[in-house]
Amino acid sequence: MNLLSEIGSMLLERNSELRQIIGVTLRMSFFSTLFSAGIGIPLGMLVGSRTFWGKRALMRILNTLMGLPPVVAGLLVFFLLSRSGPLGQYKLLYSVSAMVIAQVLLILPIAMSLSASIAASRASQIHDTIYGLGLSRMCELRCLLYESRGQLFSILFTCFGRSIAEVGAVSLVGGNVQYKTRVMTTAIMLETNKGNFEFAVALGAVLLLISFAINSIALTLEERGRDDMPLKKQRGRKERYGR
């Protein structure tokens with residue numbers, strides 16, 4: 001109870017640093033997930049549903065990049081965005097944008113690899129149906145995305161969970177600047193090093209609560225998707241056969 005009351009008082013302060021840290025964390029995680037899933041899921045479904053030369057090697061590369069160390073990704077982005085780097089003219093280093101770029105580099109292979117595995121398990125059945133109806137490949141991809149929507153929701157929230165828990169890459173390219181790029185994980189590390197354990201524990205508790213809420217929403221959406229599928233199939237049969 002003391003911890004909960006302390007968290008509440010920190011959130012209600014006029015110039016609450018905790019509230020600002022939560023805002024930066026959610027903004028960074030939202031855009032990282034949006035770009036990673038928006039690019040990775042369609043590409044992964046396309047890769048998984050097609051047969052082409054080099055596909056096995058591509059999947060091995062994606063599976064390897066799923067375990068890319070965050071500090072390595074942060075170092076690559078740091079070199080790109082530093083003053084002497086190719087993108088140094090845009091002055092993005094030590095900003096939320098730089099943190100989002102590093103997160104996308106980490107999360108994109110996860111979204112692509114997981115969605116490619118889902119597509120590979122469903123592609124043959126959907127391809128035969130679409131081919132028999134004489135529909136286009138774009139229609140096949142849309143149908144594949146729709147039929148896999150429950151599992152894709154899980155990938156989406158997996159990407160969000162990966163993003164919100166990241167510390168190494170965002171610390172390198174964000175700099176942990178107070179009121180600008182400080183997020184919950186870097187703040188926990190900083191406050192622990194300073195010996196301010198109460199604030200660090202409060203940040204950890206809020207991070208767990210946010211993760212629990214996000215996972216609860218994901219499970220609810222996935223369960224609703226599974227529950228609605230039998231009803232839609234039954235309605236389709238009634239409309240088709242007039243029963």
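Analyst: Two residues are said here to be in contact when heavy atoms of theirs lie within 4.5 Å of each other. The model is predicted, so that local features are described only where pLDDT is at least 70 and side-chain atom pairs only at pLDDT 80 or more, while totals for chains, interfaces and linings use all residues. Residues are numbered from 1 along each chain as its sequence is written, and side-chain values rest on heavy atoms, with hydrogens and water left out.

Helices and strands are taken as DSSP runs (H or I of at least four residues for helices, E of at least two for strands), numbered from the N terminus. Arg50 counts as buried because its relative accessible area is 19%, where buried means under 20%, exposed means over 50% and partly exposed covers what lies in between, with a 1.4 Å probe and protein chains only. When its neighbours within four places in sequence are left aside, Arg50 is in contact with Lys55, Arg137 and Glu140. Ala119 stands 69 residues from Arg50 in sequence, yet their C-alpha atoms are 9.0 Å apart in space.

The side chain of Arg50 also makes a polar contact, at 3.5 Å, with the side chain of Ser49. Such a contact is a pair of N or O atoms within 3.5 Å; within protein, one atom must be able to donate a hydrogen and the other to accept it, and residues adjacent in sequence count only if both atoms are side-chain atoms. Ser49 is found in helix H2 and is likewise buried, because its relative accessibility is 16%. A polar atom of the Ser49 side chain lies 2.8 Å from the backbone oxygen of Met45. Not counting residues up to four places away in sequence, Ser49 touches Ala119, Ala123 and Leu144.

Ala123 leads on to helix H5, which bends by about 50° at this residue; the bend is the angle between axes fitted to the seven residues ending there and the seven starting there. Helix H5 (residues 96-133) spans only 47 Å between its end C-alpha atoms, whereas a straight helix of 38 residues would span 56 Å at 1.5 Å a residue, the expected span being 1.5 Å times one less than the number of residues. After H5 comes Gly134, with a positive phi near 75°.

Positive phi values occur elsewhere in the model, and they deserve a remark. Most residues other than glycine have a negative phi. Tyr94, although it is not a glycine, has a positive phi of about 60°; Tyr94 is found in the loop between helix H4 (70-81) and H5, and counts as partly exposed because its relative accessible area is 36%. Tyr179, also not a glycine, has a positive phi of about 65° and is placed in the loop between H8 and H9.

Arg182 counts as buried because its relative accessibility is 10%, and its side chain makes a polar contact with the side chain of Asn176 at 3.1 Å. Beyond four places in sequence, the residues in contact with Arg182 include Glu17, Ile21 and Val24, as well as Leu190. A further arginine, Arg149, lies over the face of Tyr146 at 4.1 Å from the ring centre; the rule asks that NZ of Lys or CZ of Arg be within 6 Å of the ring centre and within 35 degrees of the ring normal.

As for the protein as a whole, the secondary structure comes to 10 helices and 0 strands. Buried residues make up 39% of the 243 residues. Among contacts with a separation of 6 or more, 72% join residues 24 or more positions apart.
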